[in-house]
Amino acid sequence: EEPSVNPADTSEVVGVCHQAAAEDVKKAIDLSVAAQPSWDRLGAQERADILNRAADLYEEHREELLALIVREGGRTIPDAVSELREAVDFMRYYGAQAVRHFGEPILLPGPTGERNTYELRGKGVFIAISPWNFPLAIYTGQITAALAAGNAVLAKPAAPTTLVAYRAIQLLQEAGVPPEVLHFVPCGGRLMGEHGVADPRIAGIVFTGSTGVAQTINQTLAGRDGPIGTLIAETGGQNAMFVDSSALPEQVVHDAIYSAFNSAGQRCSALRLLCVQEDIEPRTLDLLKGYMQQLTIGDPRHLSTDVGPCIDEPSRRTLEAHVERMAKEQRIVHRCTLSAEHEAGTYFAPTLVEIDDVGALTEEQFGPILHVVKFKSRQLDKMVEAVNNTGFGLTMGLHSRIDSRVRGVAADSKAGNLYVNRNMIGAVVGVQPFGGRGLSGTGPKAGGPNYVQRFGTEFTLSNNISAVGGNASLLTLGSD
């Protein structure tokens, strides 16, 4: 058994999750392999109808889901509302995409009169490995994309947020997803790797999490005997926002604070590095410090809270170690103040750090730490290149009122998403497809028009009608 605690008050046990054992994983795979063909044959429209019913159920149970996201995930109420909306959008969008791409076969007439039909079918059984920072939205999106395409799914939630995940599975099954097609499998990553990912019957893995874990999954898939498995991964980022002297500092600071500290900085897309032209850096730093002093850090159940807790103590300690290193090697510009009341949870004070160059950042810090580096007016292209050279390519921001500069950064950027004169978080399903490249993921983008197809396998039927008639006569004569 694993207790699930409230990160805002770790003495509060929200619930208990019974962990799956190796035999449970094997049994889930056995059942999924047997059930997947009938789920695939059910048809895209029928699967989409089920997902739309599930979306309705999510909305009907919104208060319960919001409460779980806030208590177990440490998300503020506005963040929880946005997450529920995103989860519902994923189900409706992926259902519609499945009908479009996995529905009726496409007729492709041949040059000699044959009828060729092309269609997409489910690949088989997928394992969905989801993160704790979006315990409902990403979890639901991964699962339902695989289901919409006709696959069976083993859903492995993140350890800190198993209760949110379990309630999601219950609602999906209530909507009509057969329990033998969708399995809730809470367990450790090593166990799922050894008994799930390594099983050659698994057609693919959809994963959101760290780059290191994604690389381990990739190596496990590559080392299997049997079919080559699919990996769809969205991983971390060293996300930067570039600000030139034409930008309005007040707007920059508002967007930077929101991008860096919303959800306590625990978003894949969160701003980690603010690159500011030296002409406006002093003014920008002053405004950043002033804004940070106005942030309310506290219990996410209160509507007045701006920044909630880190997800757990190991995460908090990792952030503290980084700030200690930055205090020795760089310059701490400002830290928010924590009080005695924050000691009940795993809170971390939002921190502003000024660094000498991009190379000072050796890995992603998944929390409310914003690094600032200045550059000269003619060095913007070199700054973009330096960020590209980190190998990460998830999100990037730009604040500028110069159109040619916007076009130049867009051309040079190696990020998956570039946001101009706005914040860098909160991608909308079907509107801003989200995902990265390089060390930030494999693609295709979640919430985009090519995502569901990655869960499918292609089939072409070439039927020469005239030849069939002739062969039929020959066969009849031969049988006499």
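Which elements do the buried residues of α10 pack against? Let's work towards that in this predicted model.

Start with the helix itself. α10 takes in residues 281-292, 12 residues in total. From its first C-alpha to its last, the helix reaches 16 Å, close to the 16 Å expected at 1.5 Å a residue. Its buried residues are E281, T284, L285, L288 and M292. They cover an arc of only 100° around the axis, which puts them on the same side of α10. Now for the partners: the buried residues of α10 pack against α9 (249-261) and the strands β11 (273-277), β12 (331-335), β13 (351-354) and β14 (369-375).

Next, look for the spaces in the model. The largest pocket has a volume of about 1,200 Å³. It is lined by 43 residues, and W132, F207, G209, S210 and V213 are the closest to its centre. Two or more lining residues come from each of α7 (189-197), β8 (202-208), α8 (211-222) and α11 (313-329). Sorted by class, the lining of this pocket has 18 nonpolar, 19 polar and six charged residues.

There are also two cavities of 30 Å³ or more. The largest cavity has a volume of about 50 Å³, and α4 (77-102) and β4 (115-122) each give two or more residues to its lining. That lining divides into five nonpolar, two polar and three charged residues. The second largest cavity holds about 40 Å³ of space. Here β15 (392-393) and β16 (395-399) each supply at least two lining residues, and the lining has six nonpolar, four polar and no charged residues.

Definitions and conventions:
Residues are numbered from 1 along each chain as its sequence is written. This is a predicted model: local features need pLDDT of at least 70, side-chain atom pairs count only at pLDDT 80 or more; totals for chains, interfaces and linings use all residues. Side-chain values use heavy atoms; hydrogens and water are left out. Helices (H or I, at least four residues) and strands (E, at least two) are DSSP runs, numbered from the N terminus. The expected span of a helix is 1.5 Å times one less than its number of residues. Buried means under 20% relative accessible area, exposed over 50%, partly exposed in between (1.4 Å probe, protein chains only). The arc is that of the directions from the helix axis to the C-beta atoms. Contact means heavy atoms within 4.5 Å. On a 1 Å grid over the protein atoms alone, a cavity is a set of points where a 1.4 Å probe fits but cannot get out, and a pocket is an open set with protein on both sides within 12 Å along at least five of seven lines; lining residues have an atom within 4 Å of a point. Grid points are joined across faces, edges and corners, and a volume is the space filled by probe spheres set on the points. Ala, Val, Leu, Ile, Met, Phe, Trp, Tyr, Cys and Pro count as nonpolar, Asp, Glu, Lys and Arg as charged, and the others, Gly among them, as polar.
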